[in-house]
Amino acid sequence: RMNTANWTNEYSSYPLAYEFAYFDSSGMEVIMRASAAGGNFSSTLPLGYSSSGVSSSSSSSSSATAVLGGFNEYDLLVGVAAHDHIGASGSINLTVNVAPPPLAAAVGLAKEQAGAVSDLAASGDAESAAFLVQQSALVLNDVLTNSAGNTSAAAAARSTFIEVMANVVNSSTSATAIGGSAACLKMLTDDTSTLSSADQSSVFGHVVNLVDNSESLDEITPAA
């Protein structure tokens with residue numbers, strides 16, 4: 001839970017709106033809650049940065065620490081920004097530690113979220129659906145990069161999430177939802193060495209659909 005307190009402004013500039021985010025292993029901001037009234041926000045956070053879970057396609061770093069600097073294993077940088085109605089803002093970041101579940105239970109816990117993702121997407125809540133996928137993808141990536149993990153089961157679960165992303169992408173019509181879906185696809189393809197050709201084709205189709213849904217390419221995060 002992140003609580004905001006002691007944010008002050010000229011009375012004429014109220015009310016304040018708050019935006020909550022975390023930063024992925026490349027340093028990119030991923031919005032958890034778009035700017036809205038209410039300075040309190042509760043959510044389950046995604047897995048923290050793992051030195052073994054960095055994208056195999058990245059040649060610029062060997063760990064999240066190399067990108068963001070000064071973090072311990074499974075640390076995660078989260079932040080909140082406050083905005084007034086004339087555009088002034090302030091922000092603060094905080095480092096928390098989000099460790100993975102026990103390896104033997106990780107795949108099962110991730111798979112349990114697939115149904116919830118589909119339900120959220122069907123209800124039109126693409127932002128919440130995308131956030132659940134992000135959480136699950138990071139857990140599965142941790143298993144896929146661990147020689148002691150059930151990598152075949154993790155790969156199969158990842159394929160399930162790639163499949164349900166079709167519904168999430170189709171319901172992503174806002175800038176925040178599109179950015180969240182793009183972050184999902186980035187995380188689901190971090191370990192390209194274990195992606196099947198069918199999964200690769202599906203992900204490419206999802207990216208094309210995200211671009212079609214976007215009013216401008218600026219709404220697609222660079223990770224896409």
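User: Why is Tyr-22 called buried?

Analyst: In this predicted model, Tyr-22 has a relative accessibility of 1%, and buried means under 20% relative accessible area, with exposed over 50% and partly exposed in between (1.4 Å probe, protein chains only), so Tyr-22 counts as buried. Residues are numbered from 1 along each chain as its sequence is written. Local features need pLDDT of at least 70 and side-chain atom pairs count only at pLDDT 80 or more, while totals for chains, interfaces and linings use all residues, and side-chain values use heavy atoms, with hydrogens and water left out.

User: What makes the rings of Tyr-22 and Phe-131 a pair, and is the pair stacked, edge-to-face or tilted?

Analyst: Rings of Phe, Tyr and Trp (its six-membered ring) pair if their centres lie within 6.5 Å, and planes under 30 degrees apart count as stacked, over 60 as edge-to-face and the rest as tilted. The centres of Tyr-22 and Phe-131 are 6.1 Å apart and the planes stand at 45°, so the pair is tilted. The search of the whole structure finds two aromatic pairs. This pair links distant parts of the chain, because Tyr-22 belongs to strand E2 (residues 17-23) and Phe-131 to helix H4, 109 residues apart; helices (H or I, at least four residues) and strands (E, at least two) are DSSP runs, numbered from the N terminus. Phe-131 likewise counts as buried, at 8% relative accessibility.

User: How do you know that E2 and E3 pair?

Analyst: Two strands pair if DSSP finds at least two bridges between them, and five bridges join E2 to E3, which run antiparallel. Phe-20 stands opposite Arg-33 in E3, and Phe-23 stands opposite Glu-29 in E3. The hairpin of E2 and E3 has five residues between the strands, and in it Gly-27 takes a positive phi near 90°.

User: Why are E3 and E6 said to stand at the edges?

Analyst: The open sheet has four strands in the order E3-E2-E5-E6, with antiparallel pairing. E3 and strand E6 (89-97) each have a single partner strand, so one side of each is left without a neighbour in the sheet.

User: What makes a space a cavity or a pocket, and which residues line the second largest cavity?

Analyst: On a 1 Å grid over the protein atoms alone, a cavity is a set of points where a 1.4 Å probe fits but cannot get out, whereas a pocket is an open set with protein on both sides within 12 Å along at least five of seven lines, and lining residues have an atom within 4 Å of a point. The structure holds two cavities of 30 Å³ or more. The second largest cavity is lined by Ile-31, Met-32, Glu-127, Ala-130, Phe-131, Gln-134, Thr-176, Ala-177 and Gly-180, and H4 gives the most to that lining, with four residues.

User: Where is the centre of the largest pocket, in terms of the lining residues nearest to it?

Analyst: Of the 15 residues that line the largest pocket, Thr-44, Leu-45, Pro-101, Gln-135 and Val-139 lie nearest its centre. Helix H2 (103-111) and helix H4 (126-144) are the elements that give two or more residues to this lining.

Technical notes. Points joined across faces, edges and corners; volume = space filled by probe spheres on them.
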